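Please keep the sequence and the model in view while reading.

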Amino acid sequence: MDPHITTLAERPGLAAELWRMPDTWPVFMKHDPAAGLYYPLAATRYADHVLVATDDAGEPVARAFSVPFALGGGELPDDGWDGVLWRATADRRRGTPPDAISALEITIRPDLQGRGLSAVMLAALRAHAAGLGFAELLAPVRPSNKHLHRRVPMAEYAALRRDDGLPADPWLRVHVRAGGAIDKIASRSMVVAGTLAEWREWTGLPFDRTGEVDVPGALVPVHCDVTHDHAVYVEPNVWVRHPLG
């Protein structure tokens, strides 16, 4: 399909429909505290960095989020997705000019997944970042099939290749085909902590034994501590750099 893509700043009336658009994110992912810094303000303070794709009927079919921040050169942060949001928030408060931009999320309406829209939205994010004058688009990528291999270290998983040399993971493959290059592993890209009662509510699992718990949709096991009544999920991502020359 050939969607119409604009920024939310250009079409603010789409904000309510954007949030109502169905998605397939696991419930526990929506309880990352760093997300609470960004998403309540995304439609206002960062509307010019939110892309919305609509169909011929004007209905949202995909969305993409990005955020500018001050990297200051050097290595990409180990705290990945969370780190980008903390930095962006602090930079905005201090008035520090951004020198980098990071993708945060690309979500396709579930009934339209598998039609190439993710690549279309990634291309749109790249073009948008280039139009703003950035030399590259950064992305702490959440590999789409890693949840099927929770016990495999992320560095090992990201290094898996097909016979044609492209990444074995479908979402990493889309990024590389678009011109991105894998840079490093963000070993603690997202951190979600909660009481055992909260994790039971989020997942429907008992969380009644201390140790590692395999949670559907999680890329690595969740660490459960029954004695101290908490469980913590530390998700690694894969940093990808997209040159925009």
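## Helices α2 and α3

In helix α2, Ala34, Ala35, Leu37, Tyr38 and Tyr39 meet Trp81, Asp82, Leu85, Trp86 and Thr89 of helix α3, where contact means heavy atoms within 4.5 Å. By class, this contact of α2 with α3 comprises eight nonpolar residues, one polar residue and one charged residue. Ala, Val, Leu, Ile, Met, Phe, Trp, Tyr, Cys and Pro count as nonpolar, Asp, Glu, Lys and Arg as charged, and the others, Gly among them, as polar.

Two packed helices are described by the angle between their axes and the distance between the axes. For α2 (residues 33-42) and α3 (residues 80-94), the angle is about 50° and the axes are 9 Å apart. That makes α2 oblique to α3; angles under 35 degrees count as roughly parallel, over 145 as roughly antiparallel, 65 to 115 as roughly perpendicular and the rest as oblique. The crossing of α2 past α3 is left-handed. A crossing has this hand if the near helix is turned anticlockwise from the far one by less than a right angle, and is right-handed if clockwise.

## Basis of the description

The model is predicted: local features need pLDDT of at least 70, side-chain atom pairs count only at pLDDT 80 or more, and totals for chains, interfaces and linings use all residues. Residues are numbered from 1 along each chain as its sequence is written, and side-chain values use heavy atoms, with hydrogens and water left out.

Helices (H or I, at least four residues) and strands (E, at least two) are DSSP runs, numbered from the N terminus. Axes are lines fitted to C-alpha atoms, for helices over the stretch in contact, and angles run from 0 to 180 degrees between N-to-C directions.

## Helices α4 and α6

From α4, Ser118, Ala119 and Leu122 meet Trp171, Val174 and His175 in α6. The contact of α4 with α6 holds four nonpolar and two polar residues, and no charged ones.

## Salt bridges

How many salt bridges does a search of the whole structure find? The search finds 14, a salt bridge being a side-chain nitrogen of Lys or Arg within 4 Å of a carboxyl oxygen of Asp or Glu. One of them joins the side chains of aspartate 78 and lysine 184, at 2.7 Å from N to O. Aspartate 78 lies in the loop between β3 (60-69) and α3, and lysine 184 in strand β6 (residues 181-194), so the pair ties together parts that are 106 residues apart in sequence. Aspartate 78 is partly exposed, at 39% relative accessible area, whereas lysine 184 is buried, at 16%. Buried means under 20% relative accessible area, exposed over 50%, and partly exposed in between (1.4 Å probe, protein chains only).

Arginine 241 and aspartate 183 also meet through their side chains in a salt bridge (2.9 Å, N to O). This pair links distant parts of the chain, with arginine 241 in strand β9 (residues 230-243) and aspartate 183 in strand β6, 58 residues apart. Aspartate 183 is partly exposed, with a relative accessible area of 36%. Elsewhere, salt bridges that share partners join Asp23, Lys30, Arg63 and Glu105 into one network.

Arginine 109 forms a salt bridge with aspartate 111, and their closest N and O atoms are 2.8 Å apart. Arginine 109 is buried, at 19% relative accessible area, while aspartate 111 is partly exposed, at 49%.

## Proline 60

Proline 60 is located in strand β3 and is buried, with a relative accessible area of 4%. Residues that proline 60 touches, not counting those up to four places away in sequence, include Glu17, Leu18, Met21, Val52 and Arg109. The C-alpha atoms of proline 60 and proline 3 are separated by 9.1 Å, although the two residues are 57 residues apart along the chain.

## Positive phi values

Most residues other than glycine have a negative phi. Phenylalanine 207, however, has a positive phi near 45°. Phenylalanine 207 lies in the loop between α7 (196-203) and β7 (211-213) and is buried, at 2% relative accessible area.

Aspartate 229 likewise has a positive phi, of about 55°, although it is not a glycine. Aspartate 229 is placed in the loop between β8 (222-225) and β9 and is partly exposed, with a relative accessible area of 39%.
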